[in-house]
Amino acid sequence: AWDLKFLLSKLLFLVGIGSAVLLMTRSIGTSVVIMTSSALIGLFYFRFNHPVFFNLTYAPWVFFFFLQLMETIKLSTRDGRWAKARPLLGVTVSSVFLLFAGTPKEGIILFGFLHLAGMIGVLSVEGTLWQRTSRFGLLLPLWVSISLITAPHWLIFVDTLGKMHTVYEASPHCNFTRDLRPFVDTLFLGRKSLPWAEPGINVFLFVACLQGLFSFPRL
């Protein structure tokens with residue numbers, strides 16, 4: 001059952017990645033390449049039997065539903081308000097699952113950055129200054145709802161955290177500040193001190209990020 005959970009988790013993650021890329025690019029080829037290569041990101045061989053594996057399960061779905069919300073805003077008509085309900089519900093449900101899926105630290109970091117990206121996307125859709133500002137009327141109730149639904153989870157965590165001591169209090173560290181190679185993919189960069197050390201992202205994802213950086217005006 002545990003092995004099956006790992007496999008289903010990765011499958012759900014990959015389908016979410018593929019769906020999000022397809023929605024952005026309208027290219028089946030691009031979405032298939034990114035989806036299949038995402039199965040090889042460094043986290044999966046770095047934490048192959050760790051609960052943090054499951055933090056990624058629902059992450060792309062949060063992004064996917066934010067993309068759907070942006071599409072709905074672009075095509076807003078008289079019934080646009082009700083049309084926004086489905087992607088908003090999708091963001092809420094996937095965000096709740098994301099926070100419950102794995103370890104709290106990585107979960108809240110993923111949640112924060114995904115919602116930051118979603119907010120930037122929603123506010124960047126064309127419109128008047130008043131229209132863009134009014135979109136906070138969609139986002140604020142969304143964040144309040146997620147906070148209330150997940151309260152039994154994070155209240156207990158915050159309470160427990162206040163009574164605990166960790167190794168990070170004495171020796172916090174960040175490997176990325178010493179070596180930027182993990183931002184590419186360390187799988188092909190020679191021998192390492194530990195075979196599972198320094199998780200990277202993925203060559204395809206790194207190239208896609210570079211392409212996005214150089215075509216920023218188009219984005």
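## Close-up views of a helical protein

**Figure 1. Helices α6 and α7 pack at an angle of about 155°, and their axes lie 9 Å apart.** In this predicted model, an angle over 145 degrees counts as roughly antiparallel, and the two helices α6 and α7 are therefore described as roughly antiparallel to each other. On the α6 side the contact is made by V91, S95, L98 and L99, while α7 brings G107, I108, L110, F111, L114 and H115 to the contact. Sorted by class, the residues of this contact between α6 and α7 divide into seven nonpolar and three polar, with no charged residues.

**Figure 2. Helix α9 (residues 136–149) packs against helix α10 (residues 151–161) at an angle of about 70°, with 5 Å between their axes.** Because angles of 65 to 115 degrees count as roughly perpendicular, α9 is roughly perpendicular to α10. The residues that make the contact are S147, L148 and I149 of α9, together with A151, P152 and W154 of α10. Five of the residues in the contact of α9 with α10 are nonpolar and one is polar, whereas none is charged.

**Figure 3. The largest nonpolar core of the protein holds 24 residues, of which F64, F66, L69, L98, V122 and L142 touch the most other members.** Two or more residues of this core come from each of the elements α1 (2–25), α4 (59–74), α6 (85–101), α7 (104–124) and α9, and the largest share, 10 residues, is given by α4. In soluble globular proteins, nonpolar side chains tend to be buried together.

**Figure 4. A closer look at L69 shows that this residue touches K84, P87, L88 and V122, when residues up to four places away in sequence are not counted.**

Figure 5. Followed from the N terminus on, the elements run α-α-α-α-α-α-α-α-α-α-α. Of the 219 residues in the protein, 32% are buried, and the protein exposes about 14400 Å², with carbon and sulfur atoms supplying 71% of that area. When contacts are considered between residues at least 6 apart in sequence, 64% of them join residues that are at least 24 apart.

How values were computed
Residues are numbered from 1 along each chain as its sequence is written. This is a predicted model: local features need pLDDT of at least 70, side-chain atom pairs count only at pLDDT 80 or more; totals for chains, interfaces and linings use all residues. Side-chain values use heavy atoms; hydrogens and water are left out. Axes are lines fitted to C-alpha atoms, for helices over the stretch in contact, and angles run from 0 to 180 degrees between N-to-C directions. Helices (H or I, at least four residues) and strands (E, at least two) are DSSP runs, numbered from the N terminus. Angles under 35 degrees count as roughly parallel, over 145 as roughly antiparallel, 65 to 115 as roughly perpendicular and the rest as oblique. Contact means heavy atoms within 4.5 Å. Ala, Val, Leu, Ile, Met, Phe, Trp, Tyr, Cys and Pro count as nonpolar, Asp, Glu, Lys and Arg as charged, and the others, Gly among them, as polar. Buried means under 20% relative accessible area, exposed over 50%, partly exposed in between (1.4 Å probe, protein chains only). Accessible areas come from the Shrake-Rupley method with a 1.4 Å probe; for residues, only the protein chains shown count as cover. A nonpolar core is a set of buried Ala, Val, Leu, Ile, Met, Phe, Trp, Tyr and Cys residues joined through side-chain atoms within 4.5 Å.
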